[in-house]
Amino acid sequence: MNETVIKANKLTKRFGDFVAVDEITFDVHKGEIFGFLGANGAGKTTAMRMLCGLSIPTSGEATVAGYDVFSQPEEIKKNIGYMSQKFSLYEDLTVLENIEFYGGIYGLTNKEIKTKSEELTDKLGLHKEAKKLVRSLPLGWKQKLSFLVAIVHQPKIVFLDEPTGGVDPYMRREFWDLIYDAADRGITIFVTTHYLDEAEYCNRVTIMVDGKIEALDSPSGLREKFNVQSIDEVFYKLARQAKRSAD
Amino acid sequence: MNAITLNNITKTYNKGTVLAVDDVSFSVEKGELFGLIGPDGAGKSTIFRMLTTLLLPDKGTATVGGYDIVKDYKTIRGILGYMPGKFSLYQDLSVEENLTFFATVFNTTIEENYDLIKDIYVQIEPFKDRRAGKLSGGMKQKLALCCALIHKPDVLFLDEPTTGVDVVSRKEFWEMLKRLKEQGITILVSTSYMDEATLCDRIGLILNGKVLSIASPADTIKAYPEKLYAVKAQNMYKLLNDLRSHERTVNCYTFGEYLHLSIKEDGETIKNYLTEAGHGELVFKETIPTVEDCFIRLLKTQNERNGNKGE
C-alpha cells in the first residue's frame with residue numbers, strides 16, 4: 001500500500017485574484033480508495049482537473065502516476081481513467097460502440113477490445129442491451145458501464161467526479177462493489193461524492209473548504225478527531241465555516 | 001381536502017410499448033409534505049409532468065387543487081409551482097431577469113410576493129446580475145425555487161431538487177421547505193437521498209411505474225419484516241464477501257461505516273462463523289432499519305423477481 005501514485009505539494013490554482021485551490025498537499029497510495037469531499041465551490045473540480053493534466057497549476061508541485069503535471073500532462077492522460085456524472089458515455093452510440101470507441105482511444109488492439117467487450121457485458125449482465133443505444137439505459141446502468149469503460153485500459157488511477165449523483169441507494173452499492181473490486185486489483189481510486197455514507201467506504205478522506213484541505217484522515221480517524229458519530233457531522237462542521245459562497 | 005389526487009393513472013411511451021406509470025392511485029392532503037422515492041426510471045418524473053399538465057395520461061384521472069388535470073389545465077397552471085429535475089431557467093438571463101420574467105408571466109411582481117421568497121432570495125441577491133447559466137448547482141437550485149414560488153402557488157412540485165447539491169445546501173433547502181409547508185403550501189417532492197425521505201410527512205415508494213407502499217417514514221420502518229444487524233471488522237471488503245457467500249444470508253450491503261446484514265440464522269452463530277474466518281476487531285449488533293434499508297430490501301426483492309440484472 002505504500003507506493004505513492006499521486007503526490008501534491010502546495011498545489012495552487014488562481015483565476016485572477018481568486019484562489020480556487022490554495023496550497024494543497026497530500027499523497028495517495030497505490031490501491032487506495034481516496035475520497036475527495038467538499039461543498040459545491042470548494043475547489044474539488046479545479047484540483048481534480050490539475051491532477052488529470054487538464055489544467056496547468058499556478059504554483060506548487062504534483063506528480064500523478066510518476067508524471068509531472070506541469071511538463072508531462074499527455075503522459076498523465078494515458079495513465080489515468082476519468083469519469084464524471086455529467087459526461088461519461090456517448091448516448092448515441094450503443095454499449096458495444098462505446099467500449100470500442102474508448103478502447104480505441106486508449107490504444108487497445110482490436111483483439112483486446114473484443115475480449116474487453118465480452119468481459120464487460122458479462123460483468124454487468126448487459127448481453128441483451130449490448131447493441132442498444134446507451135441513451136436507453138437507466139442511469140445506474142450507464143454509470144456502472146461508464147466506470148468500467150474508464151478503466152478499460154487498466155490505468156494506474158481512476159478519477160471519479162460524483163459518479164453516483166442521482167443514483168438510487170441499491171444501484172449506488174452495486175457501483176461501489178465495482179470500485180472495491182477495481183481497488184482490490186491495484187487500481188487507485190480518487191473519488192468525489194455528495195453522499196457522505198460513501199465517504200465511509202474510502203480508506204482515507206480529505207475535506208476541502210474554500211480551496212484548502214481542512215481535514216485528511218481515515219473515516220474513523222476523522223470521527224475521533226472531531227468527536228462525532230458520522231462523517232456527515234464532520235463535513236457539516238467544516239463546510240458550514242466556509243466563507244466563500246458556492247459559486 | 002386533498003390537494004392532489006391520482007386515480008388509476010397510467011402512462012405509456014413509444015406507442016404503448018413502454019409502460020412508465022402503471023395504474024397509480026394516491027392522494028396528498030392539503031399542507032402535506034409528500035415524498036416520492038424511487039430509482040431512476042421508476043416513473044417519478046412522468047407523474048410530475050402529468051400533474052403539472054405537461055403530459056396527458058393514457059388512462060385514469062387526477063386533480064390538483066380540486067381541478068381536473070385535463071379539463072382545467074389552465075387553472076391548474078396558475079396555482080402550481082414546478083421545479084423540474086433538469087435546470088430549466090433561462091441561462092442567458094440574469095438571476096433578477098429570470099425572476100422578473102416568471103413574475104410577469106404569472107401577472108404579478110417580485111414585490112407583491114417578496115415575503116414568500118425573501119429567506120431564499122437574500123442568499124442569491126448578491127449575484128442578481130449574474131447570468132443563471134454561470135451559477136453553481138446550489139445557487140441554481142435556490143433561484144429555481146424562487147421562480148417556482150414567485151406567484152404564491154398552492155401546490156409545489158419539486159422533482160429531485162437536491163441532486164448534486166452538497167450536504168450543507170441540502171439541509172438549508174429542507175429547512176426552507178419546512179417553512180413553506182408552515183405557510184400552508186402543499187409540497188410533492190422526489191429525491192434519491194434517503195435521509196431526506198425521513199423529513200417528509202408521508203413517503204411513497206415507487207418502482208417500475210407502480211407505487212409499492214405509502215406510509216409515514218416511521219411506519220415504513222416499522223413494517224421492516226426481519227431482524228437487521230450492523231457488522232464491522234478490520235477488513236470490510238473481506239467481511240462483505242464472507243457474509244455474502246454465507247448460504248443463509250438474505251442480504252448484505254455496505255451502510256456507512258458498517259455492513260447491514262439480514263440473515264436466517266441467530267446472531268451468535270454468525271458471530272462465531274466470522275471469528276473463525278479470522279475477522280479481527282469484530283463489532284456485531286442488532287440495529288434499527290432506516291428508510292434506506294426498507295428501500296434496498298424492496299429493490300432487491302423486485303430485482304430478484306425480475307431475474308437479477310435484467311436477464
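In chain B of this predicted model, four strands form an open sheet in the order β12-β13-β11-β14, with antiparallel pairing. Strands pair if DSSP finds at least two bridges between them. The edge strands are β12(B) and β14(B) (residues 283-286), each of which pairs on one side only. Neighbouring strands of the sheet are turned by 25 degrees against each other on average, direction ignored. Strand β11(B) (residues 229-232) and strand β13(B) (residues 258-263) run antiparallel and are joined by 3 bridges. B:His260 in β13(B) is the bridge partner of B:Ala230. Helix α9(B) (residues 236-245) lies across β11, β12 and β13 of chain B and runs at about 165 degrees to β12(B). Axes are lines fitted to C-alpha atoms, for helices over the stretch in contact, and angles run from 0 to 180 degrees between N-to-C directions. Helices (H or I, at least four residues) and strands (E, at least two) are DSSP runs, numbered from the N terminus.

Local features need pLDDT of at least 70 and side-chain atom pairs pLDDT 80 or more, whereas totals for chains, interfaces and linings use all residues. Residues are numbered from 1 along each chain as its sequence is written, and chains are lettered from A and ligands numbered from 1 in the order in which they are written.

Chain B has 11 helices and 14 strands. Its C-alpha trace spans about 70 × 45 × 35 Å along the principal axes. Of the 311 residues of chain B, 42% count as buried (20 or more other C-beta atoms within 10 Å of the residue's own, C-beta atoms being placed from the backbone). Among contacts in chain B between residues at least 6 apart in sequence, 70% join residues at least 24 apart. Two residues are in contact if their C-beta atoms, placed from the backbone, lie within 7 Å.

Helix packing was examined in both chains. The axes of α4(B) (residues 114-124) and α5(B) (residues 137-149) come within 9 Å and cross at roughly 150 degrees. The two helices are therefore roughly antiparallel (angles over 145 degrees). On the α4(B) side, the contact is made by B:Leu116, B:Ile117, B:Ile120, B:Tyr121, B:Gln123 and B:Ile124. On the α5(B) side, the residues are B:Met139, B:Lys142, B:Leu143, B:Leu145, B:Cys146 and B:Leu149. These contact residues divide into 10 nonpolar, 1 polar and 1 charged. Ala, Val, Leu, Ile, Met, Phe, Trp, Tyr, Cys and Pro count as nonpolar, Asp, Glu, Lys and Arg as charged, and the others, Gly among them, as polar.

In chain A, the axes of α5(A) (residues 139-150) and α6(A) (residues 169-184) come within 10 Å and cross at roughly 10 degrees. These helices are therefore roughly parallel (angles under 35 degrees). A:Gly140, A:Gln143, A:Lys144, A:Phe147 and A:Leu148 in α5(A) meet A:Met171, A:Glu174, A:Phe175 and A:Leu178 in α6(A). The contact comprises 5 nonpolar, 2 polar and 2 charged residues.

Strand β6(A) (residues 80-84) is mostly covered, with 4 of its 5 residues buried. This strand runs parallel to β7(A) (residues 157-161), and 5 bridges join the two. A:Ser84 stands opposite A:Asp161 in β7(A).

The contact between the chains takes 33 residues from chain B and 34 residues from chain A. On chain B, α5, α6 (167-182), β12 (249-255) and α11 (291-305) each supply at least two residues. Helix α11(B) gives the most, with 5 residues. The chain B side divides into 14 nonpolar, 11 polar and 8 charged residues.

How values were computed:
Parallel < 35°, antiparallel > 145°, perpendicular 65-115°, else oblique. Buried ≥ 20, exposed ≤ 12 C-beta atoms within 10 Å, placed from the backbone.
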